[in-house]
Amino acid sequence: MLGVALLFGITAIGLSLWQTTVVPDQNAEVEFNHYGEIEGDMQELRQAHLQAVTTGQQQSPVLQLGVTYNTRVIGVNPPNPQGTLRAEELGNIELENTPDRASNAVVTTQNVCGADRPRTDAIRYDPSYARLSGEDAPQLVYENTVLYKETESGDVLVQGDQAIIQGSNINLLPIQSDAVRSSQRTSLSLSSGGYRTVKRLEPAARPNVTIATNIPASTWENELLESEIDAGYVDNVSNAPDGVEISLGQTPGDVPWTIRCAITTDSDTTFTPVDLASPPFQQGGGFGRGGITEHTPATNSDTVVLPNGRWIEIDSITDVLLGASSTTDVSGNDFSGGEGVATSFRVADGRSDETLTVKMAVTKDGDGSFQDRVLKVGPSGNLQDSPTLTDRAAQRILDGQEIDILDPANYQAETFDASSGNFGAYVKNIKQMEDATVQTNSIQGRVGMTVRSSEMALELDDDDASQSYVAGDTSEIAFDVTATGETDGRENVDLKISESGNSGLVESPRSDRETIELDGGSETFTLVWEPDWDALSTGTTYDILIEGESDETIGTVQVIQSDSAFVEVELLDYNRTVEYGDDLTATARATNLGDVDKTDTIKLNVDGNCCPSSEASEKVEDLSPGESETVTLNYDTGNLGTDKIGEVEVAAKSNNFESEDTADANITGTTIIREPSVGDLQAGQERQAHNMSFTLGEDVGQSKIKIDLTDTGDAVSHDTDSNNWRVIQGSGSISLNTNNNRVTSVVYQTVSDDDQAGDRIEIEGDYTDTTDADTDSVTKYDVEYELTSTSNYPQGETNSTSFDTTLSEEIEVEIVDSGAPVEYGETLTTTVRATNRGGAVADDESRVQLSLAGETGPEATVRGLAPGESTEVTMTYDTDTERLSPTDIGDAELKAESRDDTDARMVTIEPPTLVEKPFVENVSAGEEQLNQSMGFTLGENTDQAEIKIDLTDTGDAVSYDSNTDGNWTVVKGDGSISSLNTNDDRVTSVTYKTHSTDDRAGDEIVIAANYTDTTGAESGQVYDILYEVTPNTGSYNNDETNSTSFETESPDG
């Protein structure tokens, strides 16, 4: 029977241990694995969001919200945790500083999103695990294309990248949801119309994007946008109400900023945009306003049929095709009127400020004769008439068939007159435009316009782009050309040659032709000119035009008279930017292209001014035919007038100017005032020295540099007595400008022979008063240095700096580790962080004082902390009776104090352990009179504590004598047995009372019970004995207990 009971007990204990240890551990592992899976599901949610945006197709990511514990044969699982997925509103998205590149109008979120300040939400997953804490498994949040973990303490741990700012693209990607899910498994149906509209900004735009977010600005700046900041796209990230403001810079390479927006919703919410001012942008295609735009990939063209419209980003316009017309009455528009079709549009070059207007009308009078069939092209107010359209071309327009209005074949002229300011010159400009904008304001009738971009590019070999020949030396001149890209069927590439300054061709209609067909690759071919030397002019340059149907390239050929020398000068390298007063250094190559020897002088000209010294020219002697020599020339820009600061023309020329090569350079102004500095001041002080300094960048003779102090207002005043100002470094002198008895500026006048380039000038004013400056916060004041008077350099140069009025040192304290809880009588070890929140170094000793329960404790000294610097100090507080009393046991205030700050928190002082190592002696069963000892060790010094030993568990099996006189004895200890508690003449407990002075911590207390009767006990019986500190313990009035047990043994041992 006993064995069965024992086995049952062991089994019960084993099951209990399994349930309390193994089951929780296994369930924690299941939760851990699930957390990894749901994190992956949230990453899939992010990918689904971005996929919905880019494809416009609905995405339905699945998320396993709940945990299913493993089925158990042994043990019981708690209920499966049900995670929660819910949406929460963050706020809005806003734009600032967003001028449209095409119209200069402000681009708003209404333009690109179809909603004013669109709302953006976060989707949050809360696991609500049974075993893993919030720190082990933080909540997962997806917002603004970023997935992150949010800890219980509020820290944000990002788990990936952002997609809002990517290079020069601004992607506004709000997700809007009202979802609340708490099932085991769920999905979200994400829908997006994709990017509705793309807007490109002015290249110089500095946009600001404000987004509502729970992610701190520091995390955006230091983690999410770090690469964009390093690349120069993002200038700054700062806090904004409900989110952050991202300040963007000028893009590298001046590529225009692109803004686009796609709002994504789930099945729980819908978004209906207002009508946009523009229909959707088609990537690589056109953009129609108020009409229909269709992009045709096969021909890489954009066709529009509309009453009003515009296109953006047309690359390399090759032709403009008009057709799909219906006639109507045409009047005005600079034409005579009649029944027909009229259109007008503008073409703007993205590389320059050139904008050309095109107007066209094809009309017939009542008898069916053409009345108008002409184009007008040119800048607004200076339109040039085209040659008359051919009957065939004009009729094709009226019949709705396409014609290319840029093709001379459609006009009653063999070629266009390309003279400057003529119709042909403007057509040529249109065809050479890259990154162009085509805009229409009004179309009468319905005209389909196709703007076709060039797909075949022509490139002339560098060695052939500029050639020189002595007349008669060769029978043919070759030009190697590479065509790259794609042609629309077979295309002709013609070689056309004309004398520079003369539009007439040397050979009409061309000198050579190559017909090619490309399908995305490249082909190199040679065009050949067989010059008729007798018909050509010597000493003349001929322009070479390689003209395809969709692109063209140019070159030159120099014809040199035989039996003569001709030195060609080529500018190889030079300073693109040089500071005024420094040398502009250029390297030039002189080559004798003639057939006799030649000596020449190569000169360096800057903006038409030649040779201020011998270093700006160099002679090349006895150059043989074909021989080259390289020279290095130096031009001192200090010999130019200061009016030449800015862009200038640099030219390397031969002596008689028969050859020259030019380029542009930039002469920058000199920097006279360098590294300006003004010392900080401490706020709230009457008398301080104020230091100001700068470095001279040039020898400036006698000049004046003014230091403007007006920004200080009334907050900072400087002494108006010039005797209290002094020059610490420098040879010049000081004068003061004042207003209403306040110094507004200090002027330093240089000494021409002593103050030289590179000298540091330092001045100082005593008795600077900051009593009116703000003493609650640091204040910044701007100071401008200005060159106001000089003989050698332009006046007005400025440079600026600033200084602060700072606070005195201010020591903030924070308890970073209280060391609690602590047992009464033990030592509390506390760590305190001290931080200087002031504006000056804490040179004086600052004390940090610790107190507990109102009782002052130890202190530490802090010294030498710079503003913002922290240090930690550790102090120990003894909670013994010399500082605290037992009445302080429980919750008490721990306080750290400096003269400027206090930090406090509640800590627990735990009661001491009075009863340690309790014991009761085992005794034999079946005995009538035994001696049994029992006792404990005192854990603390006490006054007069009472410790009761509860014997009730012995029941009737063991009985004790109820007579204290001689039948109970104190064997060890200086106290006494204060009482025996009895029930039905049986002792239920015995109480020991300590001696107030002699029973001390660590003393063993032993009492003996004589005449212990075990006749009613069985051997092997165990009895539990409880030791209890009674409420009569004075200072230690608590409910402390401790326990032990004894066994009644077999008499025979």
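Buried here means under 20% relative accessible area, exposed means over 50%, and partly exposed is anything in between (1.4 Å probe, protein chains only). This is a predicted model, where local features need pLDDT of at least 70, side-chain atom pairs count only at pLDDT 80 or more, and totals for chains, interfaces and linings use all residues. Residues are numbered from 1 along each chain as its sequence is written, and side-chain values use heavy atoms, with hydrogens and water left out.

Let's start with the aromatic rings. Rings of Phe, Tyr and Trp (its six-membered ring) pair if their centres lie within 6.5 Å; planes under 30 degrees apart are stacked, over 60 edge-to-face, and the rest tilted. That gives 13 aromatic pairs.

| Pair | Centre distance | Plane angle | Type |
|---|---|---|---|
| Phe936 and Tyr992 | 6.3 Å | 75° | edge-to-face |
| Phe936 and Tyr1027 | 5.9 Å | 75° | edge-to-face |

Where do these residues sit? Helices (H or I, at least four residues) and strands (E, at least two) are DSSP runs, numbered from the N terminus. Phe936 is in strand β68 (residues 930–938) and Tyr992 in strand β72 (residues 986–993), so their contact ties together parts 56 residues apart in sequence. Tyr1027 belongs to strand β74 (residues 1021–1029), so its pairing with Phe936 bridges 91 residues of sequence. As for accessibility, Phe936 and Tyr992 are both buried, and Tyr1027 is buried along with Phe936.

Elsewhere, Tyr411, Phe416 and Phe423 are joined by ring pairs into a cluster.

Rings also meet charges. A charge sits over a ring if NZ of Lys or CZ of Arg is within 6 Å of the ring centre and within 35 degrees of the ring normal. Arg576 has its charged end over the ring of Tyr574, 4.3 Å from the centre, while Arg883 lies over the face of Tyr877 at 5.1 Å from the ring centre.

Now the sulfurs. With a disulfide taken as a pair of cysteine sulfur atoms within 2.5 Å, the count is two. Counting bonded cysteines along the chain, the pattern is 1-2, 3-4.

Cys113 and Cys261 have their sulfur atoms 2.1 Å apart, and their link is right-handed, with 110° about the S-S bond.
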